[in-house]
Amino acid sequence: MIDVHAHLDDARFRSDLQELLEQLRAAGIRRVLNSGSSHASCRKTLKLAAENDFIYAAVGIYPHDTGELEQNGMEELEKMARCPKTAAIGEIGLDYYYDTVARPIQQKWFHAQLELAERLRLPVVVHSRDAMRDTLAILREHPRNTGIFHCYSGSVESLREVLDLGWSISIGGVVTFKNARVLREVAAAVPADRLMLETDSPYLAPTPYRGKRNSPLYLPEIAAEIAALRGITPEEVERITDENALRMFKMA
Ligand code: NI
C-alpha cells in the first residue's frame, strides 16, 4: 500500500521513528510520500527520504507558513524541489479556516509554488480548507499543473470540477467517521483512476484509533472502509490506489 500524505517528521514520531519505519517495511507499506509544510519540515522530510528507500518527499510551504516566503522568497524551496527524491510540490494551497495569514498572501504564494511545480514538471499536493472556490479558480489559471487534493473535504459537486480539471483526490481516516456523510459519498463516487490513499499521520487516525497518533500502519482500515463503500474488495482498492500513486508521483 502507498500513503501519499504523511508527516513522519512530526515531533510525535521522534521517540520511536526507527521502530515505526521497521514496522512499516514489515507491514508491506511500499511507499510514503512525506509532505513538508515549512522550510524546516521540508529539510527533515528530505533527510528522511535520503535515509529510507521507501520514503519520498513533497516539498512546499503550507498556507499558514507562507510568511516564510514573504521573508526569504522561493530560492531555498526551489533547491529542495530539485533534490532527487522530491516527488511533488506540497503541501500548498489555501486555508480559510484559520485566518492567521491574509488570504491575498496565501493566494500569491499558491500561484508562485504552482509555477515552480510547472517549471520543474512536478505534481502538486494541494491543501484546501474552507477555500474550495478560490482553490479551483487558481488551479483554472494553471491548466498545466496536476496533482491531488489531499484529505479531500469538498462536496460531490466540487469533485466534478476537480475531475474536470484533471486532478485526483486522496482520502484518509475521516472516511471511517460515521458522521462524514459527504466524504463517504465522495469515496463511493470518485472514478477508480482518480483515487489515492493517505493517512495525514500523525493526524486524523481512522476508527477505531480515532484521537490517537495516526501512522501509515492504519492504511488498511482506510482501504477497508473505501472498499465497503464501493462494493469491492480491499485488495482491489489497494491495487488501484497503488497504481494511481505510482503513475502520478515518480517514486521508482
Ligand atoms: Ni498534511
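How many aromatic pairs does the structure hold? The structure holds four.

1. Basis of the note. The model is predicted, with local features requiring pLDDT of at least 70, side-chain atom pairs counting only at pLDDT 80 or more, and totals for chains, interfaces and linings using all residues. Residues are numbered from 1 along each chain as its sequence is written, and side-chain values use heavy atoms, with hydrogens and water left out.

2. Tyr97 and Tyr98. One of the four aromatic pairs joins tyrosine 97 to tyrosine 98, edge-to-face, at 4.8 Å centre to centre and 85° between the planes. Rings of Phe, Tyr and Trp (its six-membered ring) pair if their centres lie within 6.5 Å; planes under 30 degrees apart count as stacked, over 60 as edge-to-face and the rest as tilted. Tyrosine 97 is partly exposed at 44% relative accessibility, and tyrosine 98 is partly exposed at 45% (buried means under 20% relative accessible area, exposed over 50%, partly exposed in between, with a 1.4 Å probe and protein chains only).

3. Phe149 and Tyr152. The ring centres of phenylalanine 149 and tyrosine 152 are 6.3 Å apart and the planes lie at 70°, so this pair is also edge-to-face. Phenylalanine 149 is buried, at 2% relative accessible area, and tyrosine 152 is buried at 3%.

4. Charges over rings. Lysine 85 lies over the face of tyrosine 56, 4.4 Å from the ring centre. The charged end of arginine 103 sits over the ring of tyrosine 96, at 4.0 Å from its centre. The criterion is NZ of Lys or CZ of Arg within 6 Å of the ring centre and within 35 degrees of the ring normal.
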